[in-house]
Structure formats: structure tokens, C-alpha cells
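Student: I have a structure open and would like to learn how to read it. Can we go through it step by step?

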Amino acid sequence: MGDPRLLQRAEPITNFSGRELDVLLADMRDTMHELNGVGLAAPQIGVSLRVVIFEVNANPRYPDAESVPQTVLVNPVLTPLSNEMEEDWEGCLSVPGMRGLVPRYTKLRYQGRDEKGMLIDRTVSGFHARVVQHECDHLEGILYPMRMSDMRNFGFSDVLFPGQNVQDE
Ligand code: NI
């Protein structure tokens, strides 16, 4: 947070056949796994392109966490399917060590392309929908604190959730 590239609107991908996208995705996956994140957007590694990745694996330590399939989403388009919103805690690899309570649409459709240019079209809800909204906000230059309605619900992870190993997006 503080890097102006995180506040820019990212550019669409137009070429799915070159190596550029493969190299970018390899870098993004390495970064996300190294930092134990659930998602990452290209602007978070300084690349202003409309590419996000996310995945949530079932973890026996967190039985309530819904798993989300490993996804590469290029040039995403999000369409909320109701006006209903829900607040929940989020963290971000670009805002390390912090958590905030963020309102998100509970149900939405997302469309885009995978790394081979194939269409993706999914209707999701809950945590999956939250992760997609968080990552796609990065493509618009929006960080989650900018979505918060009450800054009293913003703080250090280890103070808010002592002893818990929380994951960032
Ligand atoms: Ni983030």
C-alpha cells in the first residue's frame, strides 16, 4: 500500500498466445504460494494487467472455510445478482498484517477468460464471491480499506485474531 501502481486501472490482456501471460502467471502463483495467500492480482506485483488468480484449499484446521477452485481469471466482468451485501473480515497481501470488515455482494456472476483464452462463466456466493470481488477491485485500483464503512473495524491481525493464522488476499 502506497505504491501508485496499486491505484491504477489495469489494462486488458489482448494476446493469449504469447509467453507473456504464462510468465506473469508463474510469477503470480509463486508469490501467492510463498506468502500463503488465497488470491492475487497482477497489479500487486507491479504489473498493470487485468489478471487475477485465487484458490482456497480445504483445510482441516479451518473446517468452516469454503474451498474455492484454483482459478485464473483474465479480463473479468462481475455482475452482482442481488443488492444484498454482507460484511466479513478481509486481509490483503498489499496491506500486510491488517484486517478489516468489508461489505461485499453475497451473490454474483463472473465472466472472463482462463490462461488459454477459454470462457469462464460462474455464478457464486459467499466466500468465493468475496474473494472474486476483492481481487477484481485490485484491477480498478481499489484496496479493501477503501470499501470499508467503519474504520473502527480495521486493525492488526494479531490483535484482532490472536493466535490465529489468517490468510490474505
Ligand atoms: Ni488484496
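Tutor: We start with the whole chain and then turn to single residues. This is a predicted model, where local features need pLDDT of at least 70, side-chain atom pairs count only at pLDDT 80 or more, and totals for chains, interfaces and linings use all residues. Residues are numbered from 1 along each chain as its sequence is written, and side-chain values use heavy atoms, with hydrogens and water left out.

Student: How many helices and strands does the chain have?

Tutor: Helices (H or I, at least four residues) and strands (E, at least two) are DSSP runs, numbered from the N terminus. Here there are 3 helices and 8 strands. Their order from the N terminus is α-β-β-β-β-β-β-β-α-β-α. The radius of gyration is 15 Å, close to the 15 Å of the globule rule for 169 residues, so the chain is as compact as a globular protein of that length. That radius is taken over C-alpha atoms, and the rule is 2.2 Å times the number of residues to the power 0.38.

Student: What share of the residues counts as buried?

Tutor: Buried means under 20% relative accessible area, exposed means over 50%, and partly exposed is in between (1.4 Å probe, protein chains only). Of the 169 residues, 44% count as buried.

Student: What share of the contacts joins residues 24 or more positions apart?

Tutor: A contact means heavy atoms within 4.5 Å. Take the contacts with a separation of 6 or more: residues 24 or more positions apart account for 66% of them.

Student: Now a single residue. Is S94 buried or exposed?

Tutor: S94 is buried, because its relative accessible area is 9%. Find S94 in the loop between β4 (85-92) and β5 (95-105). Beyond its neighbours within four places in sequence, S94 is in contact with M1, L6, Q44 and H138.

Student: With which side chain does S94 make a polar contact?

Tutor: A polar contact is a pair of N or O atoms within 3.5 Å; within protein, one must be able to donate a hydrogen and the other to accept it, and residues adjacent in sequence count only if both atoms are side-chain atoms. The partner is the side chain of Q44, at 2.8 Å.

Student: Where is T106, and which residues does T106 touch?

Tutor: T106 sits in the loop between β5 and β6 (107-113). This residue is buried too, with a relative accessible area of 12%. Not counting residues up to four places away in sequence, T106 touches S82, E84, M85, E86, V124, S125, G126 and A129. T106 and V124 are 18 residues apart in sequence, and their C-alpha atoms are 8.4 Å apart in space.

Student: Last one. Which residues is D114 in contact with?

Tutor: Leaving aside neighbours within four places in sequence, they are F16, V72, V74 and I120. D114 belongs to the loop between β6 and β7 (119-125). A polar atom of the D114 side chain lies 2.8 Å from the backbone nitrogen of K116. D114 and I53 are 61 residues apart in sequence, with 9.8 Å between their C-alpha atoms.
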